[in-house]
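User: I'd like to learn how to read the cavities in a model like this one. Could you walk me through it?

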Amino acid sequence: RGQPFTITVSFSTPIHNYLQQLKRTFLIAQTGSRPSKANGTQIEFPISSLGDQKQWSAALEEQDPFFWTISVNTPANAPIGQYALILHVSKSHCHLGNFTLLFNPWCQADEVFLGNEAQRQEYILNQEGIIYWGTENAVLAQPWDFGQFEEEIVDICFTLLDVGERHQRDKNHTQRKNPVYICRTVAAMLNCDEFRGILTECGTGQYYNGNRPSKWLGSSPILRQWIASQCKPVRYGQCWVFAAVMCSVLRCLGIPTRVVTGFTWAHNTNSSLSVDEYYDEDGTLLTQDKSARVWSFHVWNECWMARADLLPEYSGWQALDATCQEKSKGPSFCGPAPVQAIKEGDTEVAYDVCNFFAAINAKCQVWIQKADDNLKPALSSTKYTGNNISTKSVGSDRCEDITHNYKYPEGSLQEKEVLDKAYKKVKKLEKTSSSETQFSSIPTALEEPVNLYIQLQSKSSLLLGQDVPLSIKVFNHSGGEKATHLVVGAQSLHYNGVPITHLWKEEFHFILKSNEANNLQIFVPYSRCREELGENHLLRLTATLRDEDSFYVSFAQEEISICDPPLTIEFPENMVQYQPSTAKISLLNPLTEPLEKCVIAIAGRGLIYRQRKYR
């Protein structure tokens with residue numbers, strides 16, 4: 001939209017036979033099932049010698065006895081959609097054809113205008129990308145084929161909008177001029193928990209009659225399966241799949257979009273700035289709170305637009321999250337929320353800034369559940385959320401850290417001011433209204449003197465098949481001797497903080513003299529981990545240190561990724577277009593046992609047709 005396109009109208013007989021009728025010639029552009037002049041979905045405009053770039057217009061550029069060449073201009077705020085173009089001559093109408101109108105980030109008057117050409121190439125035109133996952137200390141990369149310009153995808157995207165609007169009982173296509181509205185409609189359609197959407201979420205590893213989320217290689221197979229099944233939700237997706245498909249759809253529609261990953265994400269806090277983790281005395285993660293928990297990583301989107309509904313400083317990147325949230329009000333997705341508002345703690349700004357702010361600023365309190373079911377706070381270092389927020393760099397495969405866009409440095413004066421501002425706004429809301437969205441304060445630090453201190457270190461990532469090395473240091477800072485009990489454990493968990501199973505545990509009893517330190521080097525054998533690593537291959541390592549004369553427990557934790565062996569792809573030096581070529585795909589098995597029933601899934605746009613599997 002916002003730029004002209006050219007059509008040629010051919011006539012069956014010389015035009016001069018109909019000059020009188022052609023003096024009253026108009027074009028009609030209309031979109032939607034019920035086009036209307038009143039709501040701007042049907043527009044009639046004359047064919048003249050001059051066009052108008054700010055509104056629908058048509059200019060006659062070239063003519064001869066048998067054809068006209070007409071330049072049609074669309075305004076930069078026209079609703080996007082699939083249009084019919086009709087020639088209106090005197091009292092007769094002739095359907096000339098159909099065209100699809102998209103957002104235009106190259107047009108300065110469009111709300112999605114992006115001034116940097118390299119960014120437009122990346123965030124609109126690039127069909128390949130990278131999604132980051134893993135842990136904050138070991139960021140791993142997964143390639144993804146967005147495929148937003150593949151055959152049929154644009155039609156599927158508009159079907160998605162049609163279905164979403166039917167669910168919302170919104171049949172007025174005028175709203176489609178607004179990129180905020182489009183983003184919210186697409187986000188609502190991504191997860192079938194909101195509507196009968198594109199993907200079914202499954203966070204517990206039970207993937208009956210469907211695809212594991214980690215097995216998807218790109219967006220187009222998901223979109224095609226959804227449309228082929230008459231819009232039944234595709235099984236299964238998790239946060240990175242939602243974000244990847246969202247990126248494909250919004251890029252296809254012309255909104256600059258990127259995929260963003262944040263590590264140590266406080267999910268479902270309902271805008272609270274504190275989140276709790278519960279462990280037993282052996283360091284096993286419990287699931288007392290079924291909803292709010294700290295995720296190892298979370299993936300969402302950013303889309304670029306001017307926010308005409310907000311102050312100018314809130315234009316630019318907007319955070320958009322299609323993964324279901326438990327919110328006190330409103331739909332289950334979040335956004336679009338101005339990233340600048342998240343950074344500045346402007347929690348009242350639409351949409352859902354408070355949810356994003358809490359997810360990346362909450363502090364985690366660890367609780368130990370004693371044998372008598374009483375809860376005691378663990379003596380441990382603070383676990384901060386919202387770390388290493390990452391996205392693919394423009395024009396390269398390098399990982400770019402954009403945490404500074406979302407928050408000021410940890411412990412800085414600016415961070416303190418932002419947090420103070422957020423608290424004051426909430427307190428004011430509590431006094432002046434019955435707002436349901438409220439922040440709770442950050443848990444205060446324990447005032448008990450810390451006499452026993454523990455450090456736990458491990459490699460941030462290991463190759464599948466390797467034993468896990470642990471380094472543990474314990475210190476006794478008290479003035480007397482301490483009889484201590486140390487429990488070290490390893491537990492597999494899903495990326496969303498849900499524990500899978502306890503894999504390994506080892507206990508130690510020793511005496512620590514005053515101001516004495518003890519160092520231990522331990523290995524968790526791979527044989528104890530191999531059976532139930534989970535889809536994301538994440539391990540939570542814990543160490544609990546108890547003074548047998550005190551009920552307090554010192555606690556330390558680390559999270560590591562167990563990496564699959566890399567696949568390598570080799571192409572011949574020379575490849576000829578339209579001629580068969582052979583690629584070599586190889587894998588080194590790092591295990592001491594053979595791999596059986598192997599399947600390699602391959603996708604290569606422009607090289608092979610869709611996705612293939614080789615057994």
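Analyst: Helices (H or I, at least four residues) and strands (E, at least two) are DSSP runs, numbered from the N terminus. This is a predicted model, where local features need pLDDT of at least 70, side-chain atom pairs count only at pLDDT 80 or more, and totals for chains, interfaces and linings use all residues. Residues are numbered from 1 along each chain as its sequence is written, and side-chain values use heavy atoms, with hydrogens and water left out.

User: What counts as a cavity, and how many cavities of 30 Å³ or more are there?

Analyst: On a 1 Å grid over the protein atoms alone, a cavity is a set of points where a 1.4 Å probe fits but cannot get out; lining residues have an atom within 4 Å of a point. Grid points are joined across faces, edges and corners, and a volume is the space filled by probe spheres set on the points. Here the count is 5 cavities of 30 Å³ or more. Take the second largest cavity, with a volume of about 80 Å³.

User: Which element gives the most to the lining of that second largest cavity?

Analyst: That's β8, with 3 residues. At least two residues each come from α2 (117-125), β8 (128-135), α6 (239-253), β12 (257-267) and β20 (387-392). Among the lining residues are F146, C247, R258 and T391.

User: How do the lining residues divide by type?

Analyst: Ala, Val, Leu, Ile, Met, Phe, Trp, Tyr, Cys and Pro count as nonpolar, Asp, Glu, Lys and Arg as charged, and the others, Gly among them, as polar. This lining has 5 nonpolar, 2 polar and 5 charged residues.

User: Is α6 mostly covered or open?

Analyst: Buried means under 20% relative accessible area, exposed over 50%, partly exposed in between (1.4 Å probe, protein chains only). By that rule 15 of the 15 residues of α6 are buried, so the helix is mostly covered. Just after α6, G254 takes a positive phi of about 100°.

User: Why is β20 largely enclosed, and which strands does it pair with?

Analyst: 5 of the 6 residues of β20 are buried, so the rest of the structure largely encloses this strand. For pairing, DSSP has to find at least two bridges between two strands. β12 and β20 run antiparallel, joined by 2 bridges, and T261 stands opposite S390 in β20. β20 also runs antiparallel to β21 (residues 399-401), with 3 bridges, and T391 stands opposite E400 in β21. In the hairpin of β20 and β21, 6 residues lie between the strands and G395 takes a positive phi near 75°.

Technical notes
1 Å grid on protein atoms, 1.4 Å probe; cavity = no way out; pocket = protein on both sides within 12 Å on 5 of 7 lines; lining within 4 Å.
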